[in-house]
Amino acid sequence: MDELQLWLASIKAWYLEDNPNNIAPLITIITATPTDLFTTSDPNKVVSNNNLRNDHQHEEALAYWLDGCQKICQYHRQQQPQLAFTYIQLPYAKLQALVCDPQQSAAIKRWGLKKLDSIIVTLLEFCQGQQQQHWQQQSNDLIDLHVIFMAAQQHLNLKY
């Protein structure tokens, strides 16, 4: 079993516990996410049946990671809004990098673009739900930057 498979097994185990208030272990798992999740596999590497590099398994691992980040965000939303916001900005930035990686498969890019559209909505809802003025400015900035990023992707999110 490689590092990414071990990580996936650990995050699945956290979900099986079905205790959303036990957030500390989830934070540890998310913090320890292997960089392999966000990079392409070595084309010279022998891929076995147990290797976590096919698109379906890659999407599954990314989905668990994204959902974990969203759960941490929800947990900290009321008490520590800046920390909560960080846990939703992180997947947005990581997925932007993933989508821009020319070595990623079309399926992973398509998945990432769809998720980026979903995450931007979550980010905007978060900002608009905050009372301080700087969150409203952050919301406006996010819209502008998302439009610029998607335009640079030649609106591939609309083609998929």
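I call a residue exposed when its relative accessible area is over 50%, and buried when it is under 20%. The model is predicted.

Helix α2. I looked up residues 23-31 and found I23, L26, I29 and I30 buried. These four cover an arc of only 115 degrees around the axis, so they sit on the same side of α2. On the other side, T28 and T31 are exposed. I then asked which helices the buried residues of α2 pack against. They pack against α1 (3-17), α3 (55-76) and α4 (81-100).

I30. I listed its contacts, leaving out residues up to four places away in sequence. I30 touches W7, I11, W65, G68, C69, I72 and Y87.

Core. The largest nonpolar core has 40 residues, and I30 is one of those that touch the most other members, along with W7, L37, W65, F85, L116 and L123. Helices α1 to α6 each supply at least two residues of this core. The largest share, 10 residues, comes from α5. Domain 1 (1-36 + 50-76) and domain 2 (80-159) both contribute, so the core lies between them.

Salt bridges. I counted two. K12 pairs with E60, with the closest N and O atoms 3.0 Å apart. K12 is in α1 and E60 in α3, so this pair ties together parts 48 residues apart in sequence. K12 is partly exposed at 28%, and E60 is partly exposed at 24%. K71 meets D67 at 3.7 Å, N to O. K71 and D67 are four residues apart in α3, about one helical turn. K71 is partly exposed at 31%, and D67 is partly exposed at 27%.

How values were computed. Residues are numbered from 1 along each chain as its sequence is written. This is a predicted model: local features need pLDDT of at least 70, side-chain atom pairs count only at pLDDT 80 or more; totals for chains, interfaces and linings use all residues. Side-chain values use heavy atoms; hydrogens and water are left out. Buried means under 20% relative accessible area, exposed over 50%, partly exposed in between (1.4 Å probe, protein chains only). The arc is that of the directions from the helix axis to the C-beta atoms. Contact means heavy atoms within 4.5 Å. A nonpolar core is a set of buried Ala, Val, Leu, Ile, Met, Phe, Trp, Tyr and Cys residues joined through side-chain atoms within 4.5 Å. Domain bounds come from an automatic or database domain assignment. A salt bridge is a side-chain nitrogen of Lys or Arg within 4 Å of a carboxyl oxygen of Asp or Glu.
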